[in-house]
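Dear colleague,

Please find below the structure that I am handing over to you. My notes on its pockets and its annotation follow.

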Amino acid sequence: MSYSLSVYVVELDRVRAAVGSRDDKLRRMIGGRFKAQLAHADDWFADEIGNGAPTRYDAVRAVVDGGPFDPSHGFQYAYAYQTICQFYGRFLDNRYFSPFRGSWLEQVDEGLAELGIKAISLADFVYHALPAALPEPDELPGYGEWTPEQCAEALVQWESTTPKDREEIDHEVLAAIESCMEWIREAQARPGWGIAGFFF
């Protein structure tokens, strides 16, 4: 079985504030911009919707309105939150993380640790760290964040490594780590922005 990360650079406080904001303009703009994407998601999850899950647009509406939620279909609200991140943020290059198999994230985290980069972990994206108002999915997607402070610290730690340190890391793992640093640089270029990651 293969997995994927979808990663966004985004103002984390802004997307969190969208939950329960009752911002009708936001909801309408998402419905307009992502109309085809929402329809595709409904096709993909047609069986779950047939069994009572909300459509993706109805899930977006519930997230923006702050409910009501059906906890048995938590996955749809997590994906709705991803749509809000997509609306406010920018999708980042995930070529080293989509698709991947097995323990790839753990391997990259081990590489980070070997380089002394401890402020961030790709495992952060595997768990369920959605805003507290949202029901947790039973399984996927996972969600996590790298805050602006974590990003700043990780970049300092990366820049403290030497070429020799980097040479000792498996070249594929190093390429993935360098990609993570590019994500972080994009976040650091925008005060108050961080990284939001979805695992599925």
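On a 1 Å grid over the protein atoms alone, a pocket is an open set of points where a 1.4 Å probe fits, with protein on both sides within 12 Å along at least five of seven lines; its lining residues have an atom within 4 Å of a point. Grid points are joined across faces, edges and corners, and a volume is the space filled by probe spheres set on the points.

This is a predicted model, in which local features need pLDDT of at least 70 and side-chain atom pairs count only at pLDDT 80 or more, while totals for chains, interfaces and linings use all residues. Residues are numbered from 1 along each chain as its sequence is written, and side-chain values use heavy atoms, without hydrogens and water.

The largest pocket holds about 300 Å³ of space. Its lining comprises 13 residues, with His40, Ala41, Trp44, Phe45 and Arg56 nearest the centre. Two or more lining residues come from each of α3 (35-44) and α6 (74-88); helices here are DSSP runs of H or I with at least four residues, and strands are runs of E with at least two, numbered from the N terminus. The largest contribution, five residues, is that of α3. By class, this lining has seven nonpolar, five polar and one charged (Ala, Val, Leu, Ile, Met, Phe, Trp, Tyr, Cys and Pro count as nonpolar, Asp, Glu, Lys and Arg as charged, and the others, Gly among them, as polar).

The second largest pocket has a volume of about 150 Å³. Among its lining residues are Ser72, His73, Tyr79 and Asp138.

Yours sincerely
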